[in-house]
Amino acid sequence: MNDLGQDLELRLVRYFTVVAAHQHFGRAAADLHVAQPALSRQIQRLEKYLGARLLDRVPQGTLLTPAGERFLPRAQALLQAARQAELAVREQAETERIAIGYVEDLVITAAVRELRRRYPDAEIATRYLSCRDVGALSDKRVDALIARAPLPLADDDVFTTPLYEEPRMLVVPRGHRLAERASVTAEELAGEEAAPCAFETADWTSYRILGAGVPPIESYEDKLELVASGRAIAVLPVGDRRSSLRPDLVTVPIEGAPPSQVVLVSRKGDPNPMIRNLRLAANAVLTAPAA
């Protein structure tokens, strides 16, 4: 008769299968890293629970009884099923986790909030990345990246999902000859002194500084300072409102420029299902800011 009110303990089942495999209590105890007398007591507990003797001691070690032979394959299947259940839960817990990178002026709060609403138990983290951190996706610091195209990432390595597009605007210092214009054209900017054609899509980037002798600058704030000083002009997406915080800068719509495209990028072949979930959430709620 088994112990009333007690459930079958998997630990005892595992002990039994190890003893059955070794056919020897001493070797099984060493394998399990338990004392042999303690192992014997645990097997006796299992036998009492099942109401049948499972092992017979013989001079060479132990042998399975008929009840033990019948119980062994079921015990092995029980342990296997328990292991599969554990792995399934651990895998689910591990995959319900995502780190989302975002860059420049982009606000991804709506997508993150929607993702958390849909998957309240998932672990969702965000990470702001500077222009120097584009390698965060390839070196797995983030699982997905929301940024402006084009990106210096190989098409063979990433999966890209377009989210929305924004027109371009010109940023000039107050008092610049174009500051009072209702709009400017791409052709007019292509003729700026010492500036390459700003709208060749083959090498187009979302943030362009145009001007003669412009030094390489990484900081966005330093770029705006360069524009405010009259040494350059800038072409930016209209959704980037940071330049409007400076009273010495003016924005002018641009006609005929290719739009700035906001994309979601992930590594090809990444099995994390939260990436697809993010893609669906972002497509549902992320739109171009109102002009």
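Trainee: Which residue takes a positive phi just after H3?

Mentor: Gly 51 does, with a phi of about 75°. Before we go on, note that this is a predicted model, where local features need pLDDT of at least 70, side-chain atom pairs count only at pLDDT 80 or more, and totals for chains, interfaces and linings use all residues. Residues are numbered from 1 along each chain as its sequence is written, and side-chain values use heavy atoms, with hydrogens and water left out.

Trainee: What makes a stretch a helix or a strand?

Mentor: Both are DSSP runs, numbered from the N terminus: helices are H or I with at least four residues, strands are E with at least two. Strand E5, for instance, covers residues 144–148 and includes Arg 148.

Trainee: Why is Arg 148 called buried?

Mentor: Buried means under 20% relative accessible area, exposed over 50%, and partly exposed in between (1.4 Å probe, protein chains only). Arg 148 has 5% relative accessibility, so it counts as buried.

Trainee: Which side chains make a polar contact with the side chain of Arg 148?

Mentor: Asp 105 does, at 2.9 Å, and so does Ser 260, at 3.1 Å. A polar contact is a pair of N or O atoms within 3.5 Å; within protein, one must be able to donate a hydrogen and the other to accept it, and residues adjacent in sequence count only if both atoms are side-chain atoms.

Trainee: What makes Arg 45 and Glu 9 a salt bridge?

Mentor: The rule asks for a side-chain nitrogen of Lys or Arg within 4 Å of a carboxyl oxygen of Asp or Glu. The closest N and O atoms of Arg 45 and Glu 9 are 2.5 Å apart. Arg 45 lies in helix H3 (residues 36–50) and Glu 9 in the segment before helix H1 (10–22), so the pair ties together parts 36 residues apart in sequence. Glu 9, Arg 11 and Arg 45 are linked in a network of salt bridges.

Trainee: Are Arg 45 and Glu 9 buried or partly exposed?

Mentor: Partly exposed: Arg 45 has a relative accessible area of 32%, and Glu 9 has 25%.

Trainee: How many salt bridges does the rule give?

Mentor: The count comes to 15.

Trainee: How do you know what H3 should span?

Mentor: The expected span is 1.5 Å times one less than the number of residues. H3 has 15 residues and should span 21 Å; its end C-alpha atoms are 21 Å apart, which agrees.

Trainee: Why are H2 and H3 called roughly perpendicular?

Mentor: Axes are lines fitted to C-alpha atoms, for helices over the stretch in contact, and angles run from 0 to 180 degrees between N-to-C directions. Under 35 degrees counts as roughly parallel, over 145 as roughly antiparallel, 65 to 115 as roughly perpendicular and the rest as oblique. The axes of helix H2 (residues 25–32) and H3 come within 9 Å and cross at roughly 100°. H2 and H3 are therefore roughly perpendicular to each other. Contact means heavy atoms within 4.5 Å; the residues making it include Phe 25 and Leu 32 of H2, and Leu 39 and Ile 43 of H3.
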